[in-house]
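Hi,

Here is the model we talked about, handed over for you to open alongside this note. My notes on what turned up in it follow below.

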Amino acid sequence: ERLISIPKVFFYYIKTFIFPRDLAVDQSWVVKQISFFDFYIPLFGIIILIIAIVYGGYWLFRKKTILIYWYIFFGLTFIIGMSLHIQILPLDLTVSDRWFYFPMICVLGMIGCIVSSLRIKSENIKKVIISALILIIMILAIRTHVRNNNWQDNITLAEHDLKIAPDSFQLNSILGVEYSRLGRYDDAEKYLKKSVELNPNWAVSWNNLGVLYIRMGKPDEAKEAFKKSIQIGKLNLAYENMALLLLIYDTPEKAHKYTTDLIKIYPTNNKLWWILAYIEYKRGNLSGALAASEKAY
C-alpha cells in the first residue's frame, strides 16, 4: 500500500505547491489499489516534473553558467527532502503540508536558478512577468488569510479540516476530545468511536475514549478502553488514567498495588507519585502520603 501510494503522495505536494486549495492539518488516506486517477495520473505528472527538472539542468549546462552547480545542489536536496515524506519509511500521516516546507525551498531554488539565467530584452515581456508574479503573490496572500481564518479554536479547525479529510483518525480524535471538554458527550463519543474505527491500533484514541467514559460515569467501559490503550501502545497517560480510575471506583488496596507496581517501572513519573499520595491518604497512611507527595514534588 505504501508503494502504490507514493505517486499520489508525491503528486499531492507538487499540486498543493502550485494550487493550494484543499489544506488540512492531518490527512490519513491510503491508495488501496492501482487506478487511473489515484495512480496513473499522479505517476504521469511526476514523470513530466522529472523531465522538466532534467531539461532545466541540461539548459543551464548548455549556457555554461555557475548556477548549474546550485541547480544540482537544490535538485539533490529536493530528492532527499521528498524521499523522507513519500512513505518509503512509514509515517504517522499520509501527507502533511508542513512536511513540504524544506522541499519547497529547494523547488524555489531551482526556479530561481532558471529565472536568474534568463536574459529578457523586451520591456513588455518583463512587465508581463512582473505583473504575473505580483498577481500570484496576491492570490497566495489571500489564500493564507483564508486558511488562517479556518482556525478560531481547535473545534473550528477540526470541523473544517474533517470536511477535506474525513478519514483522519487524529482529527476525529481531536474533535471528540474538544466536545468532551464542553460536555457534549454524545458528539464526543461519536467522533472518538470513529477515530478508533479508522485506526484501532492508535493507543491515544482508546485513552481519549476512556477519559470520556469516566466523564460519562461509565467506569467499566473506561477500564476496557484504558486496557486497550495499554495493550496497544503502553501509553503513559493510559496507565495514569487507569490508576485514577481504580482510586475513584475501586478499593484503595487494588489501586495501591496497581500504582506501586507501575512506579517500579516508571519511577520518575511524577503524576503516578501524586496519585499514590492520594491513595495512601485514602488508606490512612499519612506518612506514606507525605513521602509520595514529596517525591512527586
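Let me start with Lys8, which counts as partly exposed because its relative accessibility is 26%. Keep in mind that this is a predicted model. Lys8 forms a salt bridge with Asp38, and the closest N and O atoms are 3.0 Å apart. Lys8 sits in helix α1 (residues 2–18) and Asp38 in helix α2 (residues 36–62), so the pair ties together parts that are 30 residues apart in sequence. Asp38 is partly exposed too, at 27% relative accessible area.

That pair is one of 14 salt bridges in the count. Another joins Asp250 to Lys223, with 3.8 Å between the closest N and O atoms. Here Lys223 belongs to helix α10 (residues 219–233) while Asp250 is in the loop between α11 (236–249) and α12 (252–265), so this bridge links parts 27 residues apart in sequence. Both ends are partly exposed: Asp250 has a relative accessible area of 25% and Lys223 one of 22%.

Then there is Asp261 with Lys257, a salt bridge at 3.0 Å, N to O. They are four residues apart in helix α12, so about one helical turn separates them. Asp261 is partly exposed at 31%, whereas Lys257 is exposed at 53%. As for networks, salt bridges with shared partners join Lys223, Asp250 and Lys254 into one.

Asn172 is part of helix α7 (residues 169–181), and beyond its neighbours within four places in sequence its contacts include Leu162, Tyr191 and Leu198.

Cheers

Technical notes:
Residues numbered from 1 in each chain as written. Predicted model: local features only at pLDDT ≥ 70, side-chain atom pairs only at ≥ 80, totals over all residues. Heavy atoms only, no water. Helix = DSSP H or I, 4+ residues; strand = E, 2+ residues; numbered from the N terminus. Contact = heavy atoms within 4.5 Å. Salt bridge = Lys/Arg side-chain N within 4 Å of Asp/Glu carboxyl O. Buried < 20%, exposed > 50% of the residue type's maximum accessible area, 1.4 Å probe, protein only.
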